[in-house]
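Reader: I have a structure open and would like to go through it piece by piece. Can we start with the place where the chains meet?
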Amino acid sequence: MDPDLYRSLGLTDDEYDAICALLGREPNHLELAMYSVMWSEHCSYKSSRRHLRRLPTSGPTVIMGPGENAGVVDAGDGFAVAIRMESHNHPSAIEPYQGAATGVGGILRDIFTVGARPIALLDSLWMGPQNEPRSSWIFRGVVSGISGYGNAVGVPTVGGEISFEPCFRGNPLVNVAAIGIAPIDRLIRAQATGVGNLVVLLGSKTGRDGIGGVSVLASAGLGQVEDDAKRPSVQVGDPFEEKKLIEACLSMLDRQLIVGIQDLGGAGLTCATSETASKGGTGMVIYVDTVPTREPQMEPLEIMTSESQERMLAIAEPSKLEELLQLADRYEIEATVIGEVVSPEEAFGYAEVGVLRIYSTRGGELLAEVPARSLADDAPLYDRPIAPPADLGEMRSREPRLGGDWSTIQAFLTETYFDPEWIYRQYDHQLFLNTLVGPGADAALLRVAAPGVGSSSSALGVSVDGNPRWCTVDPYLGAIATVAESALNVASVGADPVCIVDCLNYGNPTHPEVMWQLSQGIDGLAHACDVLGLAVVGGNVSLYNEENGIDIEPTPTVTTLGFRKLPTMLRPYLAQAHDPIFYLGTVPSSLSGSALARFADPKAKGSLFEIDLDHQKRLIAATARYVRSNEDGEIGLVRTIGRGGVAALAASVVRRYGVGVEIFSEFSTLEKLFGEAPTGVVVIGGNGPMLRSIAQSFDLTLMEIGRCVDQSLVVFDGLGSLSVAGEPVTPR
Amino acid sequence: MKTPVVGIVVFPGSNCEGDVAEVLTGLGAQVSFIWHTESDLSELDAVILPGGFAHGDYLRPGAIARFSPVMSELVSRANRGLPVVGICNGFQVLTETGLLPGALQKNANLSFLCEEAVLEVASVDSPLTHGLTLGTTVSLPINHFEGNYTCDAATLESLQEHERIIFRYSDNPNGSMDSIAGICSAQRNVVGLMPHPERAANSITGKTDGISLFTSLLTLVR
């Protein structure tokens, strides 16, 4: 075969040879296309899988872990919580609205594929500077896409994070997490079992959109002239179709009409058929002419690799077909039998495995014949070269310096201020009446409840967090700090964290420094999760985040989930003059990795703070315990440290509550004020005696670092004071 | 006292039906979901059209829902006095159907808005407000892209003259004419409002201003 053909599909010479060896012959064009999408970086994790094995994936509450469509944990009372996180970075760079919208659609399908009703979305957005028109266009488009799709599909967006950094100028990060609730006995796996069972395609017709999305788009860098020509590889979403699909699928599961179900996402039908057959240990036969298409004369190759949205593949017993079709009719979705499950067989040297056969029509020409497992599971695993950057030592030897320039600090606190309300007022964040603490807080707190499922006696806390500023200084310690921060955020709404899902956003894996960042990042996540007792129940790896050959800063983002008893009463606390300000935990001692350092001395990196995870574990437990004590009285305002440290937190309190904040001179050093080590919690107002007693029993330091005052200024005793009046940054 | 039975119409794309049902059952009502292809409304004391995106809001919100089979029976019963309440998308469906005058266009700032709105009770002569006090305020969330109420001058004058405006925004968020957040029909039994009272009925967070609207409706039909 002409090497140009398989190379243009993203396959290397070695990969092509491996396909020939697996089949014992050259693949035909359809087979080649199927391998090219399934063996893409996006679907096969071929560069990262070796490293991902180091993550701890089990825990006492874990019901489903990585490898399923979503992670699932036991929430008690017979309820299960499904959680999943995915990136849609590349599509969002090319077509922001549809890229973000279909990211939402895809992640929701992963949730109801395990039988859970999606009840919440969160998003982690990393964008370019908003004074640049293209970055602003991307940001506006992404927020509109999440709003347009999420609101219409009827799933509230309850939290998220936003930050702006130059490295995301051409390659933004759009990471979306979704949460679902299911009765434990309705959970279902994505497998094709039962020889003779029917393969039923549900939902949208198959079109020419999104062909090669996983290989051409998601597994290659951006910045080339032909980026705009990739736009047809971005799928187009229809939230109404998805809403009908959710209702139809959950209803089919309630009535036990299907034995297995898989969503069609990246790599479309090829992925869904080969994965369900591979997991079920069966073969499968598909008749392409039965697949409903949007356009006439679509090639089998297009039908098998199209990434048209809002489609599901269900496996059903023949006796249940009629009822299934009736339900599909009620919900106004298409349902078409496109094939059947067949026995595994001895073929291609795979003893007792299933073969996926694609026919033109029933009884017609055989178009493709490949072992299902070879597509789904046998992509080559790469042990790519790993090397730290050559200038690592030099880079870390220079700590960021600020000098005594107060105007820089004033500018940092006012010019970089962005009010996320601009984003979340565009999102329905209240549907289902679950939102007890919503966007704008350090974490969301939701009832564990869903329409048609009922409500439990517990609540879930959830937070999504990432930090490229930390990870670019030290990808290992930065990843640890990311988990430490996220878990503490969950504790700030009173929940005990139990698991995470992650999105590993890195640059080009053929760059040895990127593989070093990835490997270090995974080690950091693994270590933090081990010590903090968190299971990694799912995740996604996004590589080739680069523009014109320049990699993004390493950005693992994590979504942490925790549980607490449902509170009986929860009132937002309004900070007022004379409130004491407490700090529980250890105080930041360095500016390395901080947003202020990035603003004032961008070249210097220094040595990132190192987190004592045993201390962090006590801090998390103490914070959750203190917040839960609200049932017995006032706890004040409990906040974790984020971008800009205690100083930015003080500024946000002044903006939000109109009071002033005075920080005492003992705390008024740049490191303490602007350092971002997530090793402390600030409590404003609240129950001093209770805090002292909890601090003592968890062996934590508690100090009073300031107080709220009448005049609405931020005052750092001994350093200076500033007004925070002024308009927040908004996209153009 | 009889248990009121409230029908909640569910179109493909509706999404607030479960929330409305949860609040109503919590207040002692019996709830019956009416799929949009059904047409038997005979056992119902009142009907609510909940929020969401009926038929995907294709064409424009409510434009296709008005042709759903349930609507002709609903119109005929509404004309005979059945209390009908449209919340958010339900309000849009009622204006498209002609049960309420005017239309809801895109918000003046051309952005979706999900936030708290303070409303002034402008009339207590409606199924949703007869238990409230004229001139007082309630705080309810809004959640819409097309909530900007508009109508012709004669209609507005008539709405004002007959006190058919039942809620006005204290701080108009979406450009609605005369700050209109909710209106009722000439017979006063059909009510539409953009804010979501079911989202303000939570004893945990203490946002409970929406409860009095539902108790008004239930005591009327009880």
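Reader: How much area is buried between chain B and chain A?
Author: This is a predicted model, and in it about 2,500 Å² is buried between chain B and chain A. Carbon and sulfur atoms give 53% of that area.
Reader: Which residues of chain B lose the most area to chain A?
Author: B:Trp35, B:Cys114 and B:Ile204 do, and together they make up 25% of what that side buries.
Reader: And how many residues does the contact take from each chain?
Author: It takes 29 residues from chain B and 30 residues from chain A.
Reader: How many salt bridges are there between chain B and chain A?
Author: The count is three. One of the salt bridges there joins A:Asp428 to B:Arg199, with the closest N and O atoms 3.0 Å apart.
Reader: How many residue pairs are in polar contact across that interface?
Author: Twelve residue pairs, with both residues at pLDDT 80 or more.
Reader: Which elements give two or more residues to the chain B side?
Author: Helix H1 (17-26), strand S6 (113-121) and strand S7 (137-144) of chain B. By type, the residues on that side of chain B divide into eleven nonpolar, 13 polar and five charged.
Reader: New topic, helix H2 of chain A. Which of its residues are buried?
Author: In H2, residues 13-23 of chain A, the buried ones are A:Glu15, A:Tyr16, A:Ile19, A:Cys20, A:Leu22 and A:Leu23.
Reader: Why do they line one face of the helix?
Author: Looking down the axis of H2(A), the buried residues fall within an arc of 165°, so they line one face.
Reader: What exposed residues does the face turned away from the buried side carry?
Author: A:Asp14 and A:Ala21 are the exposed residues on that face of H2(A). Just after the helix comes A:Gly24, with a positive phi of about 75°.
Reader: Back to salt bridges. How many are there over all chains?
Author: A search of the whole structure finds 37. Among them is the one where the side chains of A:Arg109 and A:Glu242 meet, at 2.6 Å from N to O.
Reader: Which helices do those two residues lie in?
Author: A:Arg109 lies in helix H7 (residues 96-113) of chain A and A:Glu242 in helix H10 (residues 239-254) of chain A, so the pair ties together parts that are 133 residues apart in sequence.
Reader: Are A:Arg109 and A:Glu242 buried or exposed?
Author: Both are buried.
Reader: What about A:Glu241, which residue does it form a salt bridge with?
Author: With A:Lys244, the closest N and O atoms being 3.7 Å apart.
Reader: Why does A:Glu247 count as buried?
Author: The cut-off for buried is under 20% relative accessible area, and A:Glu247 has 17% relative accessibility, so it counts as buried. A:Lys243 counts as buried too, at 5%.
Reader: Last one. Which residues are linked in a network of salt bridges?
Author: A:Glu165, A:Arg469, A:Glu553 and A:Arg598 are linked in one.

Technical notes: Residues are numbered from 1 along each chain as its sequence is written. Chains are lettered from A and ligands numbered from 1 in the order in which they are written. This is a predicted model: local features need pLDDT of at least 70, side-chain atom pairs count only at pLDDT 80 or more; totals for chains, interfaces and linings use all residues. Side-chain values use heavy atoms; hydrogens and water are left out. Contact means heavy atoms within 4.5 Å. Buried area is the accessible area (1.4 Å probe) that two parts lose on being put together, summed over both. A salt bridge is a side-chain nitrogen of Lys or Arg within 4 Å of a carboxyl oxygen of Asp or Glu. A polar contact is a pair of N or O atoms within 3.5 Å; within protein, one must be able to donate a hydrogen and the other to accept it, and residues adjacent in sequence count only if both atoms are side-chain atoms. Helices (H or I, at least four residues) and strands (E, at least two) are DSSP runs, numbered from the N terminus. Ala, Val, Leu, Ile, Met, Phe, Trp, Tyr, Cys and Pro count as nonpolar, Asp, Glu, Lys and Arg as charged, and the others, Gly among them, as polar. Buried means under 20% relative accessible area, exposed over 50%, partly exposed in between (1.4 Å probe, protein chains only). The arc is that of the directions from the helix axis to the C-beta atoms.
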